[in-house]
Structure formats: structure tokens, C-alpha cells
Amino acid sequence: MTETLSDVQARRRALMDKGLARRRAADKRFRWLGFAAVAFSALMLAFLLIKMSSAGIAGFQRSEVRFDIPLAGAMQIDAKRLAQPDPMGGLELAGLEKVVESAAKNALGPEADDLVGQGAWREVATAIIEDPSLLGSTYKASLPASDDLASAQRGEGEPAMQQLARKLASEGKLVRVFDKGFLSRSDATSPQSVGIWGALKGSILTMFITLVLAFPVGVLSALYLEEYAPKNRWTEWIEISINNLAAVPSIIFGLLGLAVFLALFPHYRSAPLIGGMTLALMTMPVIVISGRNAIKAVPPSIRDAALAIGASKVQVVFNHVLPLALPGILTGTIIGMARALGETAPLLMIGMRAFVASPPSGFTAPSSVLPVQIFLWSDEIDRGFVERTSAAIVVLLVFLLLMNGLAIYLRNRFEKRW
Amino acid sequence: MSPAILLLLAFGLSLFGWLAARSRAWAFRKAAPGTRLHSLPNFHGWYVALWIGVPALLFAVLWNAISPMLITSHVMADPAASLLPGFGFERETMLAEARAVAEGRAFGVFNEEAQGLVAPYRAAITLYDSIGLVVTILVAFAGGAFAFLRLKPDFTARTRVERAVMGLLLIASLVAILTTIGIIVSLVFETVRFFGMVSPLDFLFGTHWSPDPMSSGTPDGADYGAIPLFWGTIYIGAIIAMIVAIPLGLMSAIFLTQYASNGVRKVMKPLLEILAGVPTVVYGYFAALTVAPMVRDAAQAIGISSASTESAVAAGLVMGVMIIPFVSSMADDSIAAVPQAMRDGSLAMGATTSETIRKVLIPAALPGIVAGVMLAVSRAIGETMIVVMAAGASANLTANPFESMTTVTFQIVAMLTGEGSFDHPATLSAFALGMVLFLVTLTLNFIALRVVKRYREAYE
Amino acid sequence: ATRDQVRAVGSSTVYPFAKAVAESLAKSDPSLKSPIIESTGTGAGMKLFCAGVGAQHPDIENASRRMKKSEFEDCQKNGVKDIVEIQVGLDGVAFAEAQGGPGIALTPEDVYKALAKNPYGKPNTAKTWKDVNPSLPDEPILVYGPPSTSGTRDALKELILTKGCDENAEMKALKDSDKDKHDKVCGEVRDDGAYVDAGENDNLIVQKIEANPKAIGIFGYSYLEENKGRIKGLTMKGVEPTYATISDFSYPGARPLYIYVKKAHLKAIPGLQAFVTEWSKLWGKDGALAKLGMVVAPDDVLAGSAKAVNDLPVLDGSQLK
Amino acid sequence: MNAEAIQTAVKADDKPYFDAPSKMSAKNVSVFYGEKRAIDDVSIEIPQRYVTAFIGPSGCGKSTFLRTLNRMNDTIASARVEGDILLDGEDIYKSGMDVVQLRARVGMVFQKPNPFPKSIYENIAYGPKIHGITGSKAELDEIVEQSLRRAGLWDEVKDRLNDSGTALSGGQQQRLCIARAIAVDPEVILMDEPCSALDPIATARIEELIDELRGRYAIVIVTHSMQQAARVSQRTAFFHLGKIVEYGKTSDIFTNPREERTKDYITGRYG
Amino acid sequence: MNAEAIQTAVKADDKPYFDAPSKMSAKNVSVFYGEKRAIDDVSIEIPQRYVTAFIGPSGCGKSTFLRTLNRMNDTIASARVEGDILLDGEDIYKSGMDVVQLRARVGMVFQKPNPFPKSIYENIAYGPKIHGITGSKAELDEIVEQSLRRAGLWDEVKDRLNDSGTALSGGQQQRLCIARAIAVDPEVILMDEPCSALDPIATARIEELIDELRGRYAIVIVTHSMQQAARVSQRTAFFHLGKIVEYGKTSDIFTNPREERTKDYITGRYG
Ligand SMILES: Nc1ncnc2c1ncn2[C@@H]1O[C@H](COP(=O)(O)OP(=O)(O)OP(=O)(O)O)[C@@H](O)[C@H]1O
Ligand SMILES: Nc1ncnc2c1ncn2[C@@H]1O[C@H](COP(=O)(O)OP(=O)(O)OP(=O)(O)O)[C@@H](O)[C@H]1O
Ligand SMILES: [Mg+2]
Ligand SMILES: [Mg+2]
């Protein structure tokens, strides 16, 4: 039995129509799957963000006790001394600590010592140094509560203390208020007096070094490999090394930093310089790989066009290929930097897992970074750190968002279609 | 002399040379209108600038390295130095203190013996600084003059500068090789030490891992079988996490590039990238306290009684979520880079969007997608926090995803930051584990490169 | 360049206390820069500490165990000759469960039988506490504890498991005949899921046992103290873990915490001497460290340590193991 | 332009076709790119079984209009179509219209050759496969061979069907694309300057093919070459500035244009 | 193919040119792609100040040979050239040859338009800028305008010089590319089917431009259109299977081919 041509066509057309509903359904399903994937990821993100920020908000607050301190005539010190060097020392000598203590006892009862945070008098001193006229008045103090009182206010710790906390709170003497200082202080022992600025500054310095080293080296290597490298053994090894470095677990970079960078610069243990160098090695391959893909995507006809009017290789690369590839390179850089920003393990190896009580003064000063700070706080004994950890995470996320925002802005500015 | 000043000096002189050479090149043009310079004036500028900057910088680096020694020996000749204690840390400290004061970095000395050295230091520093300054300038001028005198209208400045650029590119790409060598060097000694104590065969093929870093006495090779660690690493990082991340990441990329409107894409793409940036501690808590109990209850509900709270699935699932952006971002970029003509060609054949994506776009974008997956796998393998919090730390060799498992990287971190001493084989095993991991990924990449090369499809 | 701040490395157990001392020092003498305290783990810290004398090397090692002989030799080899050892306090290993838990009364022997890999040389088959000791409840054994790399685990081994093991005369005899074997039989912990190695994060253990009332957690005493409202300590041989019982060693889980100081750095690093002195100011019964959860050492030990802070005696390597 | 040469080239067998049934028709179609109007109120009937040529100066909207005929302009976000386009009397822009089926029925060949980065065989087999036209390998082989033969490419590539389609020369690539379009047996074939990358011999072969196919399908071809329009088409539409200036039998357009602008254009005076 | 039509189109003013001085010459050139020989022992003299056309069937190696003339084939890793190619007597493949300078002297226009994704102005100004042809903005503006005018694009784009070059229609893009090549004042201009994407009017303008330029430069044009070869060129080379079958005056080739194969090809009998 032989089919005629139109039979064949009719049969094919029928087959085609029969499959249509299925294909349309498959298309819908596929689209729906894509949407579901994005929605799932977005929901995950929203869940994490909401969870973090709701916990984090509490971390931006602290418990403070409020009472009046009659400063007028309480101490033998005048405004002139406060204008001299070390005014804090002057106030200490004049017995400010005792004044605060007795005022606290008057207002809060005999257990006041346990209620006001250690060294809280320094906040009073700072206020006086700023405004010496306070010396003649009654100072309405709002000082950090002790850790015990703070946790009692959260409903933890000894029942007696909790009862006291409730009583003070109902009298308006114990309040939870926004803690401005959290963003300007550094690490400390008490959750009531910690701050994130030290670690944040450390992260900024470290990321700066990482970017300054990894971006140019990454982009230049990507250009070399895509545009210049002859196809030989040697190039292959470079390629394999880079792909491999992108796949090597981060902790191994920490070992490298320990063995090489710290051997070369032994004095800079814990410094953002070393941290940045280590993270740069880790980030560089990510930039190279995404950079190569972006460069590859630039159509060869653009290169031909430029070459044919007598542009040299370097001109082709820097005038045409690089600008066109830049958006893609920036994407890779964001991913790489985001990874570096959240990285803990390699930094442990080079000493950034440290208690640093003051913000780093420069690239070579000992410092902590945000993820390590979070890691350290999450293991703190005091329960007050739980909220502080969340707050630090919020800070890290905001930093991340800012970094992403900047890169996205740059990416959109340079994006070109052809 | 502070390095910054020498640096600034070198840059300043380079800039000066750049401007001078450029204007000279312009002058050639003015002098004989109509002649075409071989190279643009800018290239003449760069040529001279390089000849000034590079030697000056090299000298500055050298000088920074040797001048402290020269200064110290100069100071040691001073009578005040005889008061110093003998060689050792104290003496070094005092010298450094005196030096810090002399340089104005500190206000006073901590040890009085150092006080007498401040003045000699100041003198020596002034002397050597001026020497350094003068020589730097001389070197810069020598280089600059050499280069400047060679400028002619037909001077091939561009070719030379481009050769320098090429050299720079080559050096940049060598960083990767150096890093690889650096890693091997930093692992190899301790690894060899470790294998001196534990047989490589026990290590590589043993199926039981429970080294005790606190134990004394000779290590038992039977405790150092790393197979369970490798298995855990692969199972959690490369299997479970990828089962989550590859479909989700790829489908997200597809949705964003092919279906979503431009506005949605512009917003969602960076949002997803945030997932990769959430600190792993957060994921760790999420995995341990939310996902893991859920997984356990679900598993027990369907009758898997061995399910424990610490499970490979819990860790793998959360890890998968974390690395979605690695897959999706790279896939997104490479899918978007496939020429529109490909897509048009397929659509015009009557292919549905999904067919176009699956049969034309994804194959064409495959190298980029594979690169993204590789990055994602490596990130998953390198992850420690989630593993320890959600999957526990016990090295089980099992295919049951509801049991507790651990990974190589977690063991490395634990051993290196633990209490065990650094000459104990348990601690040293971290280096061996790192080495094996490194060699394995190197081999895999080697193979992957070969395979990708063979199947790479060119298009335009 | 020389350093103008003290640098200490070492144990994560000592880290919170060292931090507090550093903070206190910075407050009491504002002219000194606050010391940098790094939590590296005792082993890594020892390696750094013993790497040499000079500004690039740390001044102090915080240790949750004693320096080992091999480490001491490493120090000597690298020119770190004069080391001062100061015991600063105690850390307790506490057993705890969630507030609503059944409250098992443990003994070292029960713990050993429940957690050892090969109790008395035979593979461990115990599934429930009842299997271990008929007087205990019929609940599955599920213990969250520190990883083998942590000091707390070492203490668990030395102070509880080995003690429980040695209740058996045969084992005691083994100790003298074959020390390696004894170590293994008495010290090895089972890895079949009954003992869950939960990583270094003690807060996570607290949270896990809080969520699962049938589970038992093992961690540093200070975490028990801080989380009193949510979890409760388990008695060991009828003794409850408290400051007092740990401090007088009646609760069998106390181990000493040390700091090691490089003598050669004392003059060179500003604030080092003051930092060491600051420790002695804070380690007392009413001191700030006790508030943070450190268990105060017995009076005689404290007196010895205070003397060491003054006299700075050089550590004699021959007494180390 | 040599007007006489063109006129002699016009096919003699251009019988009175105006009774030809209409396959597609456009009614008052306008196309916008964002704000810009690229096609302005165009109406045209595309007859069954004949070849219609679109000619006109560069940028006049020929490609744009062609793409509206199988809704390929859906892929351009900024493009918007007004008016009605009917295929066999059915509005192809109506909601519920299946573009997949539409494009299977109205095939397209582009200006720049765009083979898939797959083997030559896979390039051709792609359409039949996705449409499920055939299940058997033998039949597929048959379709591939037949399509390549019709496009005049078979002899050149029969020994290397597994080579990548992108490794062919420009002319070969375009013929591959034509073969690919034929493989799904469309009812209408739209060709956007299909021969602009081909040499005369290949062009002649394609023109023969078009001639062969027109018996069965409606063919629309955009071309720059008036000779080509004259040779292959029976209807010609002259586009200018987004409008159809004149549409009619090819012989009439080239020998006896009604509009002055058409005449100027085909005699090369125009621009 | 209509041979008569071609013959009438051959320029009447094709005077005896064989005394024309040679600008470029190829001697026994072979080109390989890997193992495959795409050009086989080709020798040819390209005269100063005239237009030379390369014709031949698709895949015969016209583009390949053209690219050897300004070493654009250096960009294809697998390509390898044997034999000598001289520009003003100087071997362009000699070591030490500066390809950048070579390509400034031997410009090229491609088959597919490839404007830079930059503004129209920048597209034209790029060449003069990198070659340092001018320093002053006014002079640059002048060059840009003049080049666009010569390419017949000025009137269409003069109000939107800052729009992207890729936003133009295909034909406009190609004219932009031609303008870009002209802007650096090359000595030789190589064009690979420059008009395959242009409509007759734009083509005519380009042909005029070629005519205008040939007084000063040597021009080589690859074309599929024998009419075009006949109209614009004074020399024609017929390529087949990687060899030059016949080379001579255009009028001779088209009216009186010496080789049978040439004759078959131009009369359309060949393929
Ligand atoms: N995607 C687009 N966005 C905006 N404008 C466009 C787009 N595509 C084409 N145009 C414009 O629409 C007009 C018509 O373009 P079209 O490509 O249809 O012309 P054409 O007649 O095919 O020209 P050619 O013969 O050069 O191919 C032109 O002015 C062009 O610039
Ligand atoms: N990059 C390349 N690699 C391998 N072979 C190639 C390459 N480019 C062209 N070829 C082959 O070399 C031969 C000559 O190709 P070329 O492009 O020069 O032909 P052409 O005459 O320009 O054809 P057309 O008229 O179709 O453009 C062809 O067989 C082609 O398949
Ligand atoms: Mg068009
Ligand atoms: Mg060609």
C-alpha cells in the first residue's frame, strides 16, 4: 500500500494537530515551573529576611534604667578642668562614679549595683564633657542596664530579678529604647554595650582590598584567556587552575593565607590587608569565569569590524570588547564579592576570629569582619547576644544590599544591546 | 621615607613624562603637517611614562626593603647603642621604639634605653631618605630620558606599549597558577608528615573516621578512613544540594530571561542574588531549628524510623537554596547571550517557547550553565556552617539521607580550630584532607575542560 | 615595627573570659590599647605561640588544657625559652536536659556504658538508658555533645568516661599493662547515632535539647548557668552541677584553664604585665569572671596563681606530658 | 537600474490571476515600535498558490510587515499591531489564537542565515521532531533528505550531515535555513531576502524551488532585486515609508506602473 | 542568467588598462583551514586606481581570499597562508609587518553589517581617532559628515548622530559600515558583498561611490551579482573551487570569456 504525497501531508498535519494540546500544556507547565522556581526562591528570601529583621529589630534596642543624678555641687570640679586633656580622668578623680552609684541607689534601691551596667558612669561623663553646664543641674540619666537586669526584662534568669524588672518597668524606670550606639561601638563583653561598627569597618576595609586586587586581576586574566592566549598546554593549565580555584573550598584559601601571606607579612595577622588578599584569591576566579563568559558573548563581528579599520588588538579589547562585556563581568563580581562578604572559614585561619574592642584604624590594624562577628556572637554564652546576633545579620544584609545595589546600577548603566 | 611618598613621586614623574611625551608627539605633527605618526600621541605618552614609572617603582620597592637594614647598622655604630641588651626580642623592640619616635609615629619610648637612640635614628633616617629620594628621581630621569630621546614620528611606541599591556595580562593570568602552587606548597609539608604517621591506604580507602585529637600514643590507622567524609561531601554538596539548586536555579533563570517582563527581571535577578549573600550562620540556624525537625517528622511519618534530627537532607536542602543564585545568575547571563536570531529561528519553526528554550537556548548556553553549576557545587562543598548545624558531625557511611553525616571541609575546620596539638595526626589530617580535596577538584576540572572543549558549540 | 597592644591566642573556652579581662584592662587604663584576643583553638594557638619571640608572635596563649610536652619542645626549638604558666580558673563539664525532662540520675559508670564505643572491650549495644542500668528510665539514649576536637570533649573523656571505666578492676589493670588499649577502650565514644557530635556551638546544643526533652546535652558549665530557665543540670552520683560543687571537685567534671605568657615579651609589649595582673584581679569569687560563668578555682590554686603572677616562674618542661 | 532588462525578465506565463483565492489578508494594519509607526494602514490580499514579492527602499517596513504575518513581531517587546490579519479567514491576532500552530502553518526564512548550533541533520529534523510529525527514524531521514534536496544543498552536505550547521559558508547556511523551513510543510512561506547571501547559481536554484513550491503554497518574498521580483513573483507590492504605494500583478507593476513613485523606483530614478 | 543583459551592462569606458600599475599582488597563494585547502595556488595582480571584482559560486573561496589581503584571516586560529602577498611591493606576511598599519591602508567592509553598539557619530569617528588622523573636534565632525555623505547616509541620519548605530535598518547599517571604512582614507578597500543587504537605490549610490573612489584607491569587491560586477568593475576574477579560473578585463570576461567554465557560469548554465 503506498501513500500519495497529500496523504502523507494530511497524516503529518493530523499528527501535528494531535500533539498541539499536549505541547501547549507542556509550555504552560514549563512556564509555571519557572514561575514556581522564582516564587519559591523569592519566598525563601522573604522568609529569611522577615525572620532576620524581626529578630534583628530587638537587637537594635537595649534596656536602660532611668533615674535622676543631682550633679549640682556633688563634685569638686569646674568647667575649666574639662577643657584640659583627659577630662574623663578628671571626672573620675572627682568621684563621678560614686555620685552615679549613690544616685542609682537612691532611685532604684540597694541592689542598684547589680542593675546598672558596668562602667555606665562613663556615659554620664561623656555627656558632661559635651555640655559642662550639666554640672550645675540635675541630670536625667538613661543608662544601660546590667546584663542580668536586661535578661530579666526579657523574661529570663532568676525569678527575683524578673520581678524587680517588672516593678521597675511599671514605674517607668526600666525601658527598652533604640540603641544608637550599636552602630558606632565595637565588640565588647556585655551584650548591653556591644556595637557593630568595628566589624563593619573591618568588612568595608577587607572588601575594598578584595575588590581592588581581584577585579583588575580577574578582568585582565579573563581578557588574556579569551583574547590573547594561544591554544596550548600552558594556557590549558592556566584555565584549569582558574576553574579549579573557583571550586576549591574556601578554607583552603585560609591555609594558603596562613602559610604564604602571613609568612610574608607576619606583623599583619588579623589585618584587613591579609584578609582582603586571601579573599581576593578566592574571588578572582569567579570574576575570571563570569568575565570569560561575558567576553565570549561579544559577537566576533564587532572584533572584525574594529580590526578591519586598523584598530590594534589592545584597542579592540579595551575600546570594544571590554565595555560590551562589562555588565556580565559586574554580575560575576557581585556574586564573588557577596560570597567573600559572607565568608568565615578562611578568615579564621588568618586570625580574624579575634576580639577587637576598637574599630580598625587602617588596613594593617587588627580587625574583625561582620560574618566572623556574627559567628562569634552566635556562640556567646550570654543570651543577650541572641538578639544582637540578629541585628548584626541585618547590618550584614543591608551592607550586601548596598553593594548589590551599586553593582546593579553600574550594570544597567553599561548594558548595551546589539 | 614612607613608601607612599616614593609611590606618589613615581606616579607624579610618570604623569609628567606622559604629558611631555604626548606634547612632543603633537609637536612632530605640527612640525610636518600631513605626516602620519606611527602611533597616537597617547601611546608615546604611555611609553615614556612606563619607562619612568617602572624603574622608579622597582627601585622604590628595593629601597624600602633594604633601607631599614642600612639605617639600623648606621644607628648601631652610634655609642648610645652600646647600652642596648644583647641580640633578641628586647633589643629589637627598643630599636623599633626609637625608630617609631624618630619617625613621629609614637610620642615617647616605653623603655628608657631607647631614648638615647632617637637622635641617631633621626639623623640616619634623614640621610637615607634623602639618598633614596635622590636615587629614585635619578632612576626616573634616566629611564625617562632614554625613552624620550627615542621618540620620532615613526617610532613604534604603540607596539611597545602594547607589548607591555600584553605582559601585564600574562602576569595577571599567572596569578592563578601561582595561587595553585601556593596552595600545594602550603599543604604538602603537613600532608607528608601526616602520611608518615598514617598509611595513605588506610586514609584513602578506610571506611571508618573517628580520629581523636586528644589521644596520646600511636595513632590507629583504622580510625583515619576518609571515605565517609568524601561520601558525605558528595552526598550533601553535590547530590542533595544540586537536586534542589539546579532545577530551581535553571528554571528561575529561564523564567527571568524568557517569560518575565523586563521590569520583573530587573527586580528579581538582584533579589535572588541576595540569597547567596545571606550569612551561612543564618542558614545554619534555619536548617537546624526549622528544616531539620520538619524533615525528621516527615520521614518518621512515612515510616523511616531511623530518621534523626541531624540529617543530610536538611543540610543539603538548605544549602541548595543558598546556591540557587550561583546557578541562576550564570545561567541567566549565558542564556541571554544566545543571539536573538537563534530564538527567532526556532520560534518561526512553530516551536513553543519551552521547546525553544529546552532544545536551542539551553544547549547553546551550556558552557555557561556548566560553569555556574561548578561554582555552585564548589560553594556547597566548601560550606561548613550549615553542615555542622544541620547534619551533625558524625562521619557515617550511609546512603540514607535522613541520617547524620559530615563533610571534608567541616572536618578540616574542626581539626584546625580545635584543642588538639599541631603535631597530632588528627590535626594534621586536615592538611591531608585539604590536599586530597584539592587534587580531586583539579582532576575533575581537567577532565571537565577536555569534555567541554570537545562539545563546545560555536555560534553567531 | 613593634606592637603596642597585647595579643593573646588560643582556646575558645577561655576566650570569653580573656575578652572580659581585656575590656576591663582597657577601661582601667585608657592609655593602653585594648588587647586583641583571638579564639583559635588551643592547638592552633600553641603553634602560633611557640613559633617564636617577636612582635609578630602572640604574647599569651589561652589554653583549656595543659601544654603538651611536644608543644613545649616546639617552643624551645623556636627560641621561646621562658614560659610562665598560670591557672586562671576552672571549666565545668555539665550534663543537662530540658526543664520538663525526666531528670535522670547519672553516674560516671552509667555514662561510660551508655556512650563508650566498646564498653569494657565489647561493642556497645545499649539502646535505652534502661539497657545500661535497669533503674534508669526506658528512654532511648540520645546525647548531644562536643566534637572530638574540643576541650570539653577531652574533659568528658578524662573526667567522666575514664573514671566510669576504671570502676571496673579489669580496666584499671589494663591501664598499667597496655596504656594505649586502655585509652581506646575507656575513651572512645560511640558513633552510631546515640552520641551526636554537635559541633563547637554550645548554644545550638542548648537549643536542641530544649526542643527535645528526651535528649541530654553535654557542654561547658557556663552555658547551663546562663540558660537556667530553660534547661536543668543532671546529677552525677547524686551531686548537682553548681559553682560550689564544681569548684570543690565534688561534681566530677572540672578541668583547669590556663594562660601561658612569654617572659621575653613582658618588657617589650606595653600592657602585657598589666594584662596578666588584671587576670588576677578578676578571677576571684566576686570577680567579673565568675559572673560570666567561669568556675573559680579552689583557694589554694588561686593563691598559687597569684604568686605566679608576681614571681613569674619559668615553666619546667619535665613535668609536662 | 536598467528598466528594460527588468521588463524582459518578467515571466511570460503570468496569466490573469486576480480570481485567485486569497490565503491571507491584511486589513488596515498599522505597526508601531513604541511611538514610532513603521507600517501605516496597510491592506493587502495574499493569494493562495502564488508568489507575492514585497519591494521597496531600505527601511520602508518590508521586514516589519512580513513579521506581522506569522506574529514573529510578538518577540519584540516594543512592537504593537493594529488592524486585522486573516489566515483562511481567521484572525491570527484574535485571543486564543495558537501562535505555535500559526507559525507551523506560516513558515519563515530570515535575512541573516541563522542555523542552530547543532548538526546539519538536527537542524532540519528539529521542526518535524517538535511537531511530532513523524515517529520513525526512517521517515525522519527521508524528510531531511527531501528538504535538503529541495533547497539544493543535499549534494554538498550529504557526507557530513553530522557537522555543525554553523560551519557552512554563508550561502550554504541560508540554504540550510530554507530547507529547515520546508521540512515542516507549511502552508505559507515568508522569506525575508532569502537570497541576499547567495550566489547566482544557488539563487537560481532557490528561485526554481520557489517556483516548484508555489503550486502548493502561498509564498511571500521580500527582495531588493527587482529582477528577482520580476522572475519569481506573480504579485508585487511596492512599499514606501510604511505604506503600500502600489500592489498588483507583477507584470503590470513592472511594465505599466500606475503610480509615479513606483515608476521612479523601478527605473532607478527614485531615492 | 541573462547573458545579454549582462553584456549590455558592461561599462563602455573600459579602456585598455593592462598598463595599470599594480597595487597589490598575490603570488602562488594557498590558504588552509586546518587540513582543508580553501585557496589553491592563486596568483593575481590588483591594479592601482581600478575596481576589481571577484565572482564565483558560493563556497569557492572569494571571502577567504579577500581576507588574506589585509590579514583579517589572522583572527581565525585554524587559517594558514602560504605564498606571498605584496602591497606596493612589500610582503605583508613578512615578520615585523605591522598589521594595524596594514589594515589602516587596506580597509574592509563585511558581508553582514557590523556597526559598533555606539552612536552613529562614534562609529565613524572611531577610525580617525585611533589613527590620530585629527586632533580637532571640528575636523573630526567634518570627516564624519563627509564619510556619511559619500556613503549616501547623511540625510537620513544627520539629525540623530547620537542614536546607536545598531538601531538602523539593515541597509542603513551596511552603509554606516562603508562610511566607517572610508573615514580612515585607506589605499585599498576590500568589500565582501557590500550590497547584499541593500536595496537598489542604496546599491546604486554605493556603486556611484565606488566609481568616485576608484580614481584614488584600489578597490576589490566580492559580489554575487554579475550585473554589479559588470557595472562597477574594470577587472574581474572568476573563482572556482579555490582557484582563479579566469582573470582579466571585465569587458573581456563578460563578452568573450576564454575559459569554458567561465562562460558556463556567466550564462547561468553552471553549478
Ligand atoms: N526593533 C525595532 N525597534 C525600533 N525600530 C525598528 C525596529 N526594527 C526596525 N525598526 C525601524 O522600522 C523601520 C522599518 O524597518 P524594516 O526592518 O521593516 O525595514 P526594511 O524595509 O526591511 O529595510 P531593509 O531593506 O533595510 O531590511 C525602519 O525605520 C527601522 O529603523
Ligand atoms: N572558519 C572556517 N573554518 C573552516 N572552513 C571554512 C571557514 N570559513 C570558510 N570555510 C570553508 O572554506 C570554503 C570557502 O569559504 P568562503 O567563505 O571563502 O566562500 P565564499 O566564496 O565567500 O562563499 P559565499 O559566497 O557563500 O560567501 C568553504 O568551503 C567554507 O566551508
Ligand atoms: Mg528588512
Ligand atoms: Mg563569502
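Okay, a quick definition before we start: when I say helix, I mean a DSSP run of H or I that is at least four residues long, and the helices are numbered from the N terminus. One more thing to keep in mind is that this is a predicted model.

So, with that, let's go to chain D and look at a histidine. His131(D) sits in a loop, and that loop runs between α4 (120-130) and α5 (137-150) of chain D. Is His131(D) buried or exposed? Buried means under 20% relative accessible area, and His131(D) comes in at 2% relative accessibility, so it counts as buried.

Who are its neighbours, then? Leaving out residues up to four places away in sequence, His131(D) touches Val100(D), Ala104(D) and Val184(D) in chain D. From chain A, it touches Leu15(A), Met16(A) and Arg23(A), and from chain B, Met349(B) and Gly350(B).

Okay, over to ligand 1. Why do we call this site shared between chains? Because the residues that surround ligand 1 come from chains D and E. There are 17 residues around ligand 1, and the ones that come nearest are Lys36(D), Ser58(D), Gly59(D), Ser63(D) and Thr64(D).

Let's go through some polar contacts here. Lys36(D) has a polar side-chain atom 2.8 Å from an oxygen atom of ligand 1. For Ser63(D), a polar side-chain atom is 2.5 Å from a ligand 1 oxygen. And Thr64(D) has a side-chain N or O atom that lies 2.5 Å from an oxygen atom of ligand 1.

How much of ligand 1 does the protein cover? On its own, ligand 1 has 640 Å² of accessible area, and the protein covers 78% of that.

As for which elements build the shell, those giving two or more residues are β2 (36-47) and α2 (62-68) of chain D, plus α7 (170-182) of chain E. The largest share is from α2(D), with 3 residues. By type, the shell residues split into 10 polar, 4 nonpolar and 3 charged.

Last stop, chain B. An unreviewed UniProt entry places the feature "domain: ABC transmembrane type-1" at residues 231-448 of chain B. In this model, that span is 78% helix and 0% strand, and its end C-alpha atoms lie 21 Å apart.

Methods: Residues numbered from 1 in each chain as written. Chains lettered and ligands numbered in written order. Predicted model: local features only at pLDDT ≥ 70, side-chain atom pairs only at ≥ 80, totals over all residues. Heavy atoms only, no water. Buried < 20%, exposed > 50% of the residue type's maximum accessible area, 1.4 Å probe, protein only. Contact = heavy atoms within 4.5 Å. Near = heavy atom within 4 Å. Polar contact = N/O pair within 3.5 Å; in protein donor to acceptor, adjacent residues only side chain to side chain. Areas by Shrake-Rupley, 256 points an atom, 1.4 Å probe, with all protein chains shown as cover. Nonpolar A, V, L, I, M, F, W, Y, C, P; charged D, E, K, R; others polar. UniProt positions renumbered as here; feature names shortened; annotations may be inferred.
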